[in-house]
Amino acid sequence: MSARELAIFRAFCEALAPAGGRLPAAEGADGVSVAEPVSEYVACIPPQPRALLRVALRALDLTPFPRRFTALPLERRSAWIERLEQSRLRPFRDLVLGLKTLASLGYTRDPSVQEAVGSVPACRTESGAAPARAVPPLDPVALVPPEDVERCDVVVVGSGAGGASAARVLAERGLSVIVVESGDYHDASTYSRDPLEALPRLYRDGGLTVCEGRPAIPLPVGHCVGGTTVVNSGTCLRPPDDVLARWRSEFGIAWAGELERELEEVERALSVTRLDAASAGRNAELARLGAERLGASNAPLCRNAREVVCCGTCPTGCELDAKQAMHVSELPRAAAAGARIRAGARARRVIVERGAAAGVECRTRWGGRYEVRARAVVLAAGALGTPELLMGQGLCGSSGHLGRHLRIHPACWVGALFDEEVDASDGVMQSWLVDEWAERGVLLEATATPLTFGGHWMRGAGPAFKERLERWGRVAMLGVHISDRSEGRLRLSGGRLRIRYSLSRPDRDALRFGIARAADVHFAAGAREVYPQLGRVAVLLPGEQAALVERGRFAAGDYRVEGFHPLGSARMAADPRAGVVAPTGETHDLPGLYVADASLFPTSTRVNPMVTICAVARRIAGGLADRLG
Ligand SMILES: Cc1cc2nc3c(=O)[nH]c(=O)nc-3n(C[C@H](O)[C@H](O)[C@H](O)COP(=O)(O)OP(=O)(O)OC[C@H]3O[C@@H](n4cnc5c(N)ncnc54)[C@H](O)[C@@H]3O)c2cc1C
């Protein structure tokens with residue numbers, strides 16, 4: 001940000017949270033410094049959202065025309081933000097949402113704000129001690145790549161759910177394995193609770209990867225040893241039978257119905273257990289209560305974090321490393337079996353020799369060149385990283401399907417105000433499933449989003465916004481997830497990945513249906529008001545209003561959604577004309593080049609996909625090990 005843009009942003013932050021009341025002010029001598037640290041964070045996000053932010057700030061300052069935003073007295077600035085937030089013109093609403101997201105992140109990250117609100121993210125076990133590690137930790141020193149050439153049987157690109165699972169199988173089958181990971185190693189000893197520090201460390205694009213389209217949709221993915229599993233919510237669901245049946249019948253993946261053994265092994269390796277209802281927290285209890293009063297099917301979720309009774313730090317790394325993310329589970333097991341894991345090594349090119357994959361060329365964090373020569377290459381760089389690498393080199397494009405069919409499982413947050421204290425942060429972050437409407441592709445998951453990532457959903461600016469933040473402890477939260485039929489597309493432009501994704505009409509209908517059902521669950525549990533994320537509808541009251549949302553007419557840009565599960569961008573199909581990857585995991589176009597991550601899923605999984613990704617990667621790695629002997 002330039003000095004001028006910084007001044008405009010500061011004026012926005014001051015007006016969002018002025019002095020007065022229980023919460024400190026944003027900015028000012030005794031206030032919380034917001035604009036400066038946010039502007040430092042913004043320096044590490046990709047050029048496109050950064051440019052948009054700068055335009056947004058300049059545009060804001062040209063309002064209310066002919067006056068300038070920065071020239072308005074404080075109270076009028078707050079009132080003006082509120083007016084723009086409720087404007088009939090969507091660009092104004094989007095402008096406020098974007099700026100408020102950053103300002104709220106910068107403001108609520110401050111411990112004094114969290115303490116005053118009574119919502120401090122934490123992770124706790126019954127005994128107070130961190131659970132014993134299932135496997136000895138990785139040695140960070142051994143993760144440094146040499147600036148040289150290394151040789152092995154199989155090089156795996158990416159260390160997330162797919163890469164780590166594949167690496168373990170291959171190493172335990174006696175093959176020499178190297179995993180190259182472009183992100184750095186972090187664990188409980190180095191995570192930061194401060195999102196402005198954690199986002200650039202653990203996420204691609206500092207957490208601001210965005211799908212262009214209507215609406216623009218944030219699509220965060222991990223960028224660290226362990227991949228997105230380090231920052232995910234730890235929910236472990238098996239793939240529904242009908243999804244696997246479709247993979248088999250429509251895409252010729254004969255083994256799709258035979259994943260039982262792999263699924264069992266994944267669940268064992270990740271210590272997957274059903275949450276104990278008694279220790280899931282009040283947010284979970286309210287989801288259960290609401291669902292039961294409606295007669296809707298519901299259950300505690302299965303998770304990969306045993307013993308934890310309070311867990312609110314998932315998105316910035318599990319403070320106790322109780323969550324069995326790949327860097328504390330499958331990667332150490334792979335390393336114990338001899339795999340070498342190399343952090344800060346970005347694969348830039350697949351080495352092709354005599355018509356087959358023969359290794360990868362990497363760039364290290366220090367700009368050095370590092371090469372791995374191998375008999376086979378397994379790409380597991382995720383649904384964005386794998387097609388990005390292939391498209392950058394013009395590989396595997398013959399079917400025309402590379403980069404297409406991207407699914408993201410659009411999700412939105414539906415909060416609700418209760419008369420009682422919910423204290424969602426004092427419980428398990430993702431805890432309860434309402435699957436009554438699964439047949440319609442809609443799942444509700446009780447998800448206690450931390451204040452830092454959800455504060456901007458509280459309406460208004462000035463004293464009204466601060467009062468709503470103060471009531472955060474009385475807010476219960478449900479996430480609405482839909483199994484999308486919309487398909488996005490990835491392409492490279494000037495060397496940068498561009499993601500296009502627009503919500504189709506059936507998906508918008510499903511989202512509205514899901515938001516209305518979430519509102520029903522909240523009201524049935526006793527909510528006094530519900531906050532749907534839909535256009536200018538800020539609040540729903542008990543009665544007919546949820547039905548009005550369901551029947552209402554909203555433009556695509558009115559939906560405020562995020563995507564947490566990118567899938568399908570290098571899909572698997574037996575017919576080389578229908579997909580990029582064969583059911584063996586080998587690409588149709590290049591012998592010796594395999595894919596073992598979310599990108600090869602031919603359809604949406606309907607449920608959170610991590611366990612399926614791990615199981616499929618194990619299957620592919622097992623077959624590869626058989627072939628390599
Ligand atoms: C906030 C959040 C919460 C989630 N919660 C859940 C949940 O509760 N349950 C669930 O099932 N799923 C959840 N997910 C999704 C789940 O974590 C992912 O679907 C899964 O981790 C994807 O696995 P993957 O192997 O395809 O990719 P990833 O796990 O993303 O791993 C890919 C890795 O490849 C690396 N990489 C990329 N390009 C290169 C390159 N060129 N060279 C070297 N390395 C590279 C990346 O840095 C990354 O580490 C969540 C996701 C998010 C963002």
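I began with strand β15 (residues 430-434), where 5 of the 5 residues are buried, so the strand is largely enclosed by the rest of the structure. I note here that the model is a predicted one.

**Partners of β15.** I looked up which strands pair with β15. Strand β7 (residues 298-300) pairs with β15 in the antiparallel sense, over 3 bridges. Strand β16 (residues 442-447) also runs antiparallel to β15, and 4 bridges join the two. A299 stands opposite L433, and in β16 the bridge partner of L433 is E445. I kept one general point beside this: in a regular strand the side chains alternate between the two faces of the sheet.

**Helices α4 and α5.** Next I checked how helix α4 (residues 74-85) lies against helix α5 (residues 90-108). Their axes come within 7 Å and cross at roughly 125°. Angles over 145 degrees would count as roughly antiparallel and 65 to 115 as roughly perpendicular, so α4 and α5 are oblique to each other. I listed the residues that make the contact: I81, L84 and E85 from α4, and F92, R93, L95 and V96 from α5. Sorted by class, this contact of α4 with α5 has 5 nonpolar residues, 2 charged residues and no polar ones.

**The ligand.** How many residues surround the ligand? I found 42, and the closest are G158, G160, G227, G385 and M610. I wrote down the elements that give two or more residues to this shell: α7 (161-172), β3 (177-181), β11 (345-353), α13 (382-393) and α18 (610-628). Of the elements, α13 gives the most, with 4 residues. By class, the shell around the ligand has 21 polar, 18 nonpolar and 3 charged residues.

**I253.** Last, I picked a residue in a loop. I253 lies between α9 (241-251) and α10 (260-269). Is I253 buried or exposed? I253 has 24 other C-beta atoms within 10 Å, and a residue counts as buried at 20 or more, so I253 is buried. I then asked which residues I253 is in contact with, leaving aside its neighbours within four places in sequence. I noted W247, R248, M572, A574 and P583.

Definitions and conventions. Residues numbered from 1 in each chain as written. Predicted model: local features only at pLDDT ≥ 70, side-chain atom pairs only at ≥ 80, totals over all residues. Axes fitted to C-alpha atoms, helices over the stretch in contact; angles between N-to-C directions. Parallel < 35°, antiparallel > 145°, perpendicular 65-115°, else oblique. Contact = placed C-beta atoms within 7 Å. Nonpolar A, V, L, I, M, F, W, Y, C, P; charged D, E, K, R; others polar. Buried ≥ 20, exposed ≤ 12 C-beta atoms within 10 Å, placed from the backbone. Pairing = 2+ DSSP bridges. Near = placed C-beta within 6 Å.
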